[in-house]
Amino acid sequence: MPKGNCLDNAVIENFFGLLKSELLYLQEFDSIEHFKQELIAYLDYYNNHRIKVKIKGLPPALHRQQALSVA
């Protein structure tokens, strides 16, 4: 297995930073189930509704769909 470097983790580290600042730090959760429901809702928002300037102002799911249709 090749040796990794810090850039290997950059994407997921960025995502977890956003997850914490946009979900975890903004509210209190009554239970683990409440947290799971909010996490599922956040993942839907992140993938399907949250626009990203770096990917032409599209949500990630739509950008992936367009990239795959061109390939």
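This is a predicted model: local features need pLDDT of at least 70, side-chain atom pairs count only at pLDDT 80 or more; totals for chains, interfaces and linings use all residues.

Biologist: Why are H1 and H2 called oblique to each other?

Modeller: Helix H1, residues 10-22, packs against helix H2, residues 32-48, at an angle of about 120 degrees. Angles of 65 to 115 degrees count as roughly perpendicular and those over 145 as roughly antiparallel, while the rest, apart from angles under 35, are oblique. H1 and H2 are therefore oblique to each other. Their axes are 12 Å apart, and the crossing is right-handed.

Biologist: Which residues make the contact between H1 and H2?

Modeller: H1 contributes Phe15, Leu18, Leu19 and Glu22, and H2 contributes Leu39, Tyr42, Leu43, Tyr45 and Tyr46. By class, the contact has 8 nonpolar residues, no polar ones and 1 charged residue. Leu, Phe and Tyr count as nonpolar and Glu as charged.

Biologist: What makes up the largest nonpolar core?

Modeller: The largest nonpolar core has 6 residues, namely Phe15, Leu18, Leu19, Leu23, Tyr42 and Tyr46. To belong to such a core, residues must be buried and joined through side-chain atoms within 4.5 Å. H1 and H2 are the elements that give two or more residues to this core, and H1 gives the most, with 3 residues.

Biologist: Which residues does Tyr42 touch, not counting residues up to four places away in sequence?

Modeller: Tyr42 touches Phe15, Leu18, Leu19, Glu22 and Leu23.

Biologist: How do you know whether Pro60 is buried or exposed?

Modeller: The relative accessible area of Pro60 is 10%. Buried means under 20%, so Pro60 is buried. Pro60 is found in helix H3, residues 60-70. Leaving aside neighbours within four places in sequence, Pro60 is in contact with Tyr46, Asn47, Arg50, Lys52 and Ile55.

Biologist: How many residues apart in sequence are Pro60 and Ser21?

Modeller: Pro60 and Ser21 are 39 residues apart in sequence, and their C-alpha atoms are 19 Å apart in space.

Biologist: Why does Lys56 count as exposed?

Modeller: Lys56 has a relative accessibility of 73%. The term exposed applies over 50%, and therefore Lys56 counts as exposed. Lys56 lies in the loop between H2 and H3.

Biologist: What is the phi of Lys56?

Modeller: Lys56 has a positive phi of about 65 degrees, although Lys56 is not a glycine.

Definitions and conventions. Residues are numbered from 1 along each chain as its sequence is written. Side-chain values use heavy atoms; hydrogens and water are left out. Axes are lines fitted to C-alpha atoms, for helices over the stretch in contact, and angles run from 0 to 180 degrees between N-to-C directions. Helices (H or I, at least four residues) and strands (E, at least two) are DSSP runs, numbered from the N terminus. A crossing is left-handed if the near helix is turned anticlockwise from the far one by less than a right angle, and right-handed if clockwise. Contact means heavy atoms within 4.5 Å. Buried means under 20% relative accessible area, exposed over 50%, partly exposed in between (1.4 Å probe, protein chains only).
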